[in-house]
Amino acid sequence: MNKLSSQQVSLGEKVGYSLGDAAANLVFQMMMIFQLKFYTDVFGLDGAVAGSVLMIASISAVIVDPAVGLLTDHTNTRWGKFRPWMLWTVIPFCLFYVLAFYNPGIHSKGAVAIYATISYVLLMTVYSFNNIPYSSLGGVMTSDIRERTSITTIRFVVVTIAQFVVQGLTLPLVEHFAEGNTLQHGWSCTIILFACIAFLFFIITFAVSKERIQPPPQQQISIREDIKNTFSSVSWNAMALLTFSLFITLAMWGSAMNFYFQYNVDQKSLYDFLSHFVSIEPDEAYSFGFSAFNMMGAVVQFMGVICLSRYLANKFGKKKTFKVCLAMTAFFTALFYIPEPTDVSLLFVLNFLRSLVYAPTIPLLWAMIGDVADHIEYENHRRATGFCFSGIVLALKLGLGFGGAIAGIIISMFGYNSGGESTIQNESATLGIRLVSSVVPAILFVVGVVALHFYPISKEYNENMQAELAARRRFANQNNHV
């Protein structure tokens with residue numbers, strides 16, 4: 001067996017690269033957790049209409065994302081194929097982020113829905129032009145298996161911090177900035193703050209990252225071959241299905257838990273529970289309770305990523321670790337159907353357990369997609385990193401849109417009263433909220449477990465594959481220098 005090539009990446013470069021995903025998650029986490037509720041309770045849209053907005057924007061990615069993948073694969077600049085897109089997209093990304101959470105004084109519900117659709121489609125489009133190259137960049141920084149896992153582990157440690165900030169501080173910041181002004185003013189100020197931080201992080205990622213893996217020197221441009229090789233790959237199809245089901249679930253659960261805490265949890269019991277730890281007013285129970293719930297989950301995931309992910313992946317392989325942990329996550333997600341409105345402590349216990357078993361999977365997804373790009377090259381002697389990642393990002397965005405849409409449609413079917421006019425919903429509406437917070441996402445997690453069963457890249461297979469690819473690249477480089 002040939003030895004794996006050593007392509008070490010410095011800690012500074014790993015952290016700098018990771019800041020790009022922190023920036024993206026200042027946007028992504030907001031879309032996943034707060035977008036649906038923002039549309040229903042701030043814009044005043046019906047749940048089904050709000051869900052349709054999210055679905056339409058995601059469907060638009062069917063055209064955009066593959067085109068972006070092909071475009072980036074055929075980009076050649078002195079900065080590389082993928083890095084320059086961090087620079088070119090940073091301003092429109094931040095601008096459309098602000099516009100997606102801003103209502104320019106429109107009162108007609110129909111006009112608001114049109115504005116929401118256009119602004120969200122623009123945000124999702126520029127997200128593609130930014131995040132597909134960013135994700136692809138992670139696949140060409142090194143071919144070393146352990147270094148790739150290390151990069152994704154550090155990446156998701158940084159991402160977990162961003163998740164902590166968005167999920168834990170958004171509502172308190174909105175209330176702080178809205179004091180004496182409108183709720184819309186609070187949201188706008190909060191989003192502008194996050195957009196400025198994202199701008200700085202993207203610039204740092206562009207400045208410090210390096211591209212080390214290039215397509216085979218003899219590779220000729222062939223869009224048809226790239227599409228055929230990617231879509232016919234068993235490993236790619238398994239990862240696409242996993243990503244789609246995973247992000248349907250995450251978007252559904254994230255959106256639903258926001259409603260769950262405001263309308264299903266008994267607010268007095270929540271206040272009594274929180275008052276043991278912090279001094280708050282009774283009317284602040286929802287915002288502080290939901291923030292505390294999210295922050296605890298983020299902290300547990302942070303520790304799980306640091307302590308468990310790399311260790312388990314190196315010991316058992318990425319596939320086996322992901323499969324077992326995802327199955328356990330499905331189990332603990334389903335249990336959220338059980339607590340009564342007054343069982344606040346049980347909610348936090350379940351969140352701790354769910355976050356702990358889910359944590360090891362967080363860095364593995366993108367490392368495994370990098371392995372898929374290698375697998376396609378291994379089988380076909382052609383590399384199309386951008387197109388490979390664009391298909392996965394498309395699955396992610398479809399999952400994000402469909403998850404939010406399904407959550408909105410289900411709660412609307414069960415009689416949810418939109419507009420944020422009351423903190424009380426009828427019994428049918430709270431049942432719908434409980435279902436999309438537990439049983440429904442748990443079933444979709446199981447779909448991801450099934451997808452992993454068909455993923456062919458085991459730990460041993462990956463080591464042999466990387467050795468063979470390293471030998472090919474050394475041979476190609478020697479021939480180029482002759």
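**Packing and confidence in the predicted model**

Serine 18, when its neighbours within four places in sequence are left aside, is in contact (heavy atoms within 4.5 Å) with Tyr134, Ile151, Ile154, Arg155 and Val158. The model is a predicted one, in which local features need pLDDT of at least 70 and side-chain atom pairs count only at pLDDT 80 or more, whereas totals for chains, interfaces and linings use all residues. Residues are numbered from 1 along each chain as its sequence is written, and side-chain values use heavy atoms, with hydrogens and water left out.

Serine 18 belongs to helix H1 (residues 11-33), where helices are DSSP runs of H or I with at least four residues, numbered from the N terminus. With a relative accessibility of 0%, serine 18 counts as buried, the classes being buried under 20% relative accessible area, exposed over 50% and partly exposed in between (1.4 Å probe, protein chains only). The C-alpha atoms of serine 18 and isoleucine 154 are 6.8 Å apart in space, although the two residues are 136 apart in sequence. Lysine 14, also found in helix H1, counts as buried at 7% relative accessibility; beyond its neighbours within four places in sequence, lysine 14 is in contact with Val9, Glu147, Ser150, Ile151 and Ile154.

Leucine 123 touches Val27, Met31, Phe93, Phe96, Tyr97 and Ala100, residues up to four places away in sequence not being counted.

Within helix H9 lies isoleucine 248, which at 6% relative accessibility counts as buried. With neighbours within four places in sequence left aside, isoleucine 248 is in contact with Gly399, Leu400, Phe402, Gly403, Ile406 and Leu444.

A search of the whole structure finds 35 aromatic pairs, for which the ring centres of Phe, Tyr and Trp (its six-membered ring) must lie within 6.5 Å, with planes under 30 degrees apart counted as stacked, over 60 as edge-to-face and the rest as tilted. In one of these pairs, the ring centres of phenylalanine 244 and phenylalanine 402 are 6.1 Å apart and the planes stand at 75°, so the pair is edge-to-face. Because phenylalanine 244 lies in helix H9 and phenylalanine 402 in helix H15 (residues 385-413), the pair ties together parts that are 158 residues apart in sequence. Phenylalanine 244 is partly exposed at 26% relative accessibility, and phenylalanine 402 is partly exposed with a relative accessible area of 25%.

Charges over rings were also identified, the criterion being NZ of Lys or CZ of Arg within 6 Å of the ring centre and within 35 degrees of the ring normal. The charged end of arginine 354 sits over the ring of tryptophan 253, at 3.7 Å from its centre, and that of arginine 434 sits over the ring of tyrosine 337, at 4.1 Å from its centre.

The mean pLDDT (the predictor's confidence in each residue, from 0 to 100) of the protein chain is 87, and 95% of its residues reach 70 or more. Over residues 1-5, pLDDT stays under 50, and the model has 14 contacts beyond four places in sequence for this stretch. Where pLDDT is low, the predicted coordinates should not be read in detail.

Note on methods:
Helix = DSSP H or I, 4+ residues; strand = E, 2+ residues; numbered from the N terminus.
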